[in-house]
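Please look at the sequence and the 3D structure shown here.

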Amino acid sequence: MANAELIESLNRVLSLELAGVIQYLQHSFLVTGPEREVFKEFFRDMSGEARDHAATLGDKIVALGGVPTVEPG
């Protein structure tokens, strides 16, 4: 796979991770009920994990000479 194709594929995955960051964070804001604190923290943790994945992907894209996307998928 050529670098350009690899960068394009990594950017697609990065866009999905960015969407996950936003979506999990939104869920943490909107969860209600008696278990709110438990689920709020769960969704915040998942958002952080997606952010870590996005950071790793962004670093790999730059290392290959590309520019990481900022558009969530």
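Is Phe42 buried, partly exposed or exposed? With a relative accessibility of 41%, Phe42 is partly exposed; buried means under 20% relative accessible area, exposed over 50%, and partly exposed in between, with a 1.4 Å probe and protein chains only. This is a predicted model, in which local features need pLDDT of at least 70, side-chain atom pairs count only at pLDDT 80 or more, and totals for chains, interfaces and linings use all residues. Residues are numbered from 1 along each chain as its sequence is written, and side-chain values use heavy atoms, leaving out hydrogens and water.

Two aromatic pairs turn up in a search of the whole structure. Rings of Phe, Tyr and Trp (its six-membered ring) pair if their centres lie within 6.5 Å; planes under 30 degrees apart are stacked, over 60 edge-to-face, and the rest tilted. Tyr24 and Phe43 are stacked, at 6.4 Å centre to centre with 25° between the planes. Tyr24 belongs to helix α1 (residues 3-30) and Phe43 to helix α2 (residues 36-63), so this pair ties together parts 19 residues apart in sequence. Helices here are DSSP runs (H or I, at least four residues), numbered from the N terminus. The rings of Phe42 and Phe43 have centres 5.3 Å apart and planes at 65°, so they are edge-to-face. Phe43 is buried at 17% relative accessibility, while Tyr24 is partly exposed at 29%.

The largest nonpolar core has six residues: Ile7, Leu10, Leu14, Ala54, Leu57 and Ile61. Such a core is a set of buried Ala, Val, Leu, Ile, Met, Phe, Trp, Tyr and Cys residues joined through side-chain atoms within 4.5 Å. Both α1 and α2 supply at least two of its residues.
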